[in-house]
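Hi,

Here is the model I said I would pass on, with my notes on what turned up in it. Have a look at it first, then read on.

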Amino acid sequence: MKKILLLAITAVLVAALAACGGKEKDGNGKELVVGASNVPHAQILEKAKPILKKKGIDLKIVKYQDYVVPNQALDSGDLDANYFQHIPYLKSQMKEHGYKFANAGAIHIEPIGIYSKKYKTLDDLPKGATILMSSSVADHGRILAMLEKKGLIKLKPGVDKVTATVKDITENPKKLKFDYQYEASFLPQAYKNGEGDAVVINSNYAIDVGLDPQKDTIALEDKDSPYANVIAVRKGDENKKNIKTLVDVLHSKEIQDYILKEWHGSVVPVSGK
């Protein structure tokens, strides 16, 4: 009798676990785990948390300080989604590491900025000035395209601005030097240390250390930038109910109004992919 009872209990437990697994697989589970950079991503998610709660979703936010680990965590299944990267970086990571990811929706743009403790404008930069920028090649085209638009350099005709590198510079009247040995997260500290003549910093890292991209930069990327930050998921998960709900909430007027009010143009909301 004891053996029969034990078998019955085991069967019930197995069935229950299978049901829970099926529920999670269908994307209808209550908890949704999203990795994010501290600012503005995690703050935006915190604002969305009570709205998602009303829709039956418990949002758990895991904060990261770098651009590498969040994709590793998503790939391993530790996260259901992450929210920290723009589309070109996502594509480069997929190509480099073989990740099977998908863009579930673009949420906002953070105009990248150039900061300097020594000079007030780009025109003030002397010949041979050193510009510090991220070691992430995915950011180089973005930065070089901005410098070209500001008139400091020229790139090869017809080159893809997204994938351009310093080797694609054909004209450099000021003979600017580009130093890209630092990880993006260290650049605010390099700026505070007075390193380089100018430092290119992603807005999320700038805001995180108290810099205001609208006031403290000597040049700011235009708001029509194609570098939208997205909700990234494992391929196939973009159609899950919870992921779709998350994206819909982040596209809502309440969240978009919050972004505009909180960051005054340093972070700009977008809708779509």
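A word on terms before anything else: I call a residue buried when its relative accessible area is under 20%, exposed when it is over 50%, and partly exposed in between (1.4 Å probe, protein chains only). Helices (H or I, at least four residues) and strands (E, at least two) are DSSP runs, numbered from the N terminus.

Keep in mind that this is a predicted model, where local features need pLDDT of at least 70 and side-chain atom pairs count only at pLDDT 80 or more, while totals for chains, interfaces and linings use all residues. Residues are numbered from 1 along each chain as its sequence is written, and side-chain values use heavy atoms, with hydrogens and water left out.

Let me start with α9 (241–250). Seven of its ten residues are buried, namely Asn242, Ile243, Thr245, Leu246, Val247, Val249 and Leu250. These pack against β1, α2, β3, β4, β12 and α10. For Leu250, contact (heavy atoms within 4.5 Å) is made with Ile44, Leu45, Ala48, Ile107, Ile231, Ile255 and Gln256, leaving aside neighbours within four places in sequence.

That leads to the nonpolar cores, by which I mean sets of buried Ala, Val, Leu, Ile, Met, Phe, Trp, Tyr and Cys residues joined through side-chain atoms within 4.5 Å. The largest has 31 residues, and Leu45, Ile231 and Leu250 touch the most other members. Elements giving two or more residues to this core include β1 (31–37), β12 (228–234) and α10 (253–263). The biggest contribution, seven residues, is from α2. Apart from this core lies another, of 22 residues, with Leu125, Ile153, Leu155 and Leu176 among them.

Next, the cavities. On a 1 Å grid over the protein atoms alone, a cavity is a set of points where a 1.4 Å probe fits but cannot get out, and lining residues have an atom within 4 Å of a point. Of its 13 lining residues, Tyr67, Phe84, His86, Arg142 and Asn202 are the closest to the centre. β3 supplies the largest share of that lining, with three residues.

There is also an open five-stranded sheet with mixed pairing, in the order β9-β6-β10-β5-β11. Its edge strands, β9 and β11 (219–220), each pair on one side only. Pairing here takes at least two DSSP bridges between two strands. β5 (residues 113–115) and β10 (residues 198–201) are antiparallel over three bridges, and Ile114 has Val200 in β10 as its bridge partner.

Most residues other than glycine have a negative phi, and most peptide bonds are trans. Val39 and Pro40 are joined by a cis peptide bond, with omega about -5 degrees, and Pro40 lies in helix α2. Lys175 has a positive phi, near 50 degrees, and sits in the loop between β8 (169–171) and β9 (177–182); Lys175 is exposed, at 58% relative accessible area. His264 also has a positive phi, about 50 degrees. His264 is in the loop between α10 and β13 (268–269) and is exposed, at 63%.

Cheers

Key: 1 Å grid on protein atoms, 1.4 Å probe; cavity = no way out; pocket = protein on both sides within 12 Å on 5 of 7 lines; lining within 4 Å.
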